[in-house]
Amino acid sequence: MEYSLKAVLKSLNVLFISKKDDITTTEMNILNMFFNKIIFSISCDKGYKAYLETHPDIIIIDLDYENDMAIKFCKNIKKINSSIPIIVISKSKEEKLLFEAIRLQVVDYVLRPIKAEKLIYALNETAKKVLNQGGMSVKLTNNLYYNYKEKSIIDEKQQKIKLTKNEYRLLELLLLNRNTNISKEEIERHLWADEPITESAFKSLFSRLRQKVGKDTIKNSFGIGYQLV
């Protein structure tokens with residue numbers, strides 16, 4: 001499950017509202033590791049405009065400045081999209097802010113200085129929320145999407161193409177490393193651990209998945225590896 005959560009986040013865009021001087025190296029490293037794209041904003045007003053223009057999947061907002069504006073921003077966003085996950089970060093343990101965050105049903109309230117494990121936990125909880133809402137679909141081609149919750153491919157007619165366990169585990173591995181070559185050895189370790197696997201079984205798995213996602217979607221570079229393009 002942990003692997004799938006990381007794959008989910010890697011397919012999402014996050015809007016991060018905070019003073020750039022307050023963003024630590026730890027925060028940046030974690031966000032770059034987990035997200036497809038980070039949209040920065042230094043104020044709630046600019047953040048609101050960025051939200052309307054970019055339609056991010058997740059919001060992380062710092063309450064340490066523009067406190068009232070930040071709470072108002074979250075309320076306005078929730079009116080537009082009640083299900084969007086919001087993570088609040090702050091140095092403050094002030095009860096008023098905590099209660100406001102609870103009322104807004106934020107995913108988590110992470111205290112600064114931020115510990116890596118606390119932020120990663122909040123991000124994993126966010127991925128669970130996205131999955132539980134059932135709307136987490138990632139574009140594979142112009143006509144096909146992959147739904148993480150249902151472990152199936154959705155075509156242009158909204159018909160579901162079910163995947164076997166190894167098929168969806170392979171596809172999620174390729175999605176997590178999209179446009180990056182993954183060696184045959186890495187794939188075998190991920191899917192079968194130390195269990196022996198025949199060459200015919202390995203090729204059969206790729207053949208079946210290619211039939212479902214399109215032959216040109218998975219590229220094989222001889223001697224280098226496989227990648228989703």
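## Basis of the model

This is a predicted model, in which local features need pLDDT of at least 70 and side-chain atom pairs count only at pLDDT 80 or more, while totals for chains, interfaces and linings use all residues. Residues are numbered from 1 along each chain as its sequence is written, and side-chain values use heavy atoms, with hydrogens and water left out.

The protein is divided into domain 1 (1–133) and domain 2 (137–228), with bounds that come from an automatic or database domain assignment. The C-alpha centres of domain 1 and domain 2 are 31 Å apart, and their contact (heavy atoms within 4.5 Å) takes nine residues from domain 1 and nine residues from domain 2.

Between them, domain 1 and domain 2 bury about 810 Å², 65% of it on carbon and sulfur atoms; buried area is the accessible area (1.4 Å probe) that two parts lose on being put together, summed over both. The count of salt bridges between domain 1 and domain 2 is zero, a salt bridge being a side-chain nitrogen of Lys or Arg within 4 Å of a carboxyl oxygen of Asp or Glu.

## The second largest pocket

Because domain 1 (1–133) and domain 2 (137–228) both give residues to its lining, the second largest pocket lies between them. Its lining consists of Lys 10, Ser 11, Asn 36, Val 138, Leu 175, Leu 176, Asn 177 and Arg 178. A pocket is here an open set of points on a 1 Å grid over the protein atoms alone, where a 1.4 Å probe fits, with protein on both sides within 12 Å along at least five of seven lines, and lining residues have an atom within 4 Å of a point.
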